[in-house]
Amino acid sequence: MIPAYWRSFISVNDIIGCDFEVSEEDDLSQLGADMRIMSIEQCISEATECYPGIVALKEGYVPVAMCLAGSGDYYYIKTTEGENGSLYRVYHDAVDGNHIASSGIEKVLNRYVSLL
């Protein structure tokens, strides 16, 4: 479920549990982001036990970071993009039946490696 390239990225860079901030200027959605990288166990829990994670997983998104600003929104990678893909914000209230509303996903970074 969690791609090997993401597991390698967080392990090699020793960033599990680390906090990152993306300024409004650097955030493609222009909101800014304050997040904490989750452990593999946390990623799996969010993807299999919570919404929108359950639906997002079906659409190819894997949760990788939690919001520290109190919004309840999580940050995801899209497995079809592969290594060095984008980082997305999926709004916690974006589930529309068995899908995520098109307005419920925003690209934050073109390449998640930009967090470093």
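**Chat on a predicted chain**

Q: What share of the protein chain's contacts with a separation of 6 or more comes from residues 24 or more positions apart?
A: In this predicted model, residues 24 or more positions apart account for 52% of those contacts in the protein chain.

Q: How many helices and strands does the protein chain have?
A: The protein chain has three helices and eight strands.

Q: In what order do the elements run from the N terminus on?
A: The order in the protein chain is α-β-β-α-α-β-β-β-β-β-β.

Q: What about the radius of gyration of the protein chain?
A: The protein chain has 13 Å, which agrees with a compact globule, because a globule with 116 residues would have a radius of gyration near 13 Å.

Q: And what box do the C-alpha atoms fill?
A: Along the principal axes, the C-alpha atoms of the protein chain fill a box of roughly 35 × 30 × 25 Å.

Q: What percentage of the residues is buried?
A: Of the 116 residues in the protein chain, 47% are buried.

Q: Switching to serine 39, where is it found?
A: Serine 39 sits in the loop between strand 2 (33-37) and helix 2 (40-49).

Q: Is serine 39 buried or exposed?
A: Serine 39 is buried, because its relative accessible area is 15% and the cut-off for buried is under 20%.

Q: How far apart are serine 39 and serine 23?
A: Serine 39 and serine 23 are 16 residues apart in sequence, and their C-alpha atoms are 24 Å apart in space.

Q: Last topic, charges: how many positive and negative side chains are there?
A: The protein chain has 7 positive and 18 negative side chains, with the centres of the two sets 7 Å apart.

Methods: Residues numbered from 1 in each chain as written. Predicted model: local features only at pLDDT ≥ 70, side-chain atom pairs only at ≥ 80, totals over all residues. Heavy atoms only, no water. Helix = DSSP H or I, 4+ residues; strand = E, 2+ residues; numbered from the N terminus. Buried < 20%, exposed > 50% of the residue type's maximum accessible area, 1.4 Å probe, protein only. Rg over C-alpha atoms; globule rule 2.2 N^0.38 Å. Contact = heavy atoms within 4.5 Å. Lys, Arg positive; Asp, Glu negative; His and termini not counted. Charge placed at Lys NZ, Arg CZ, Asp CG, Glu CD.
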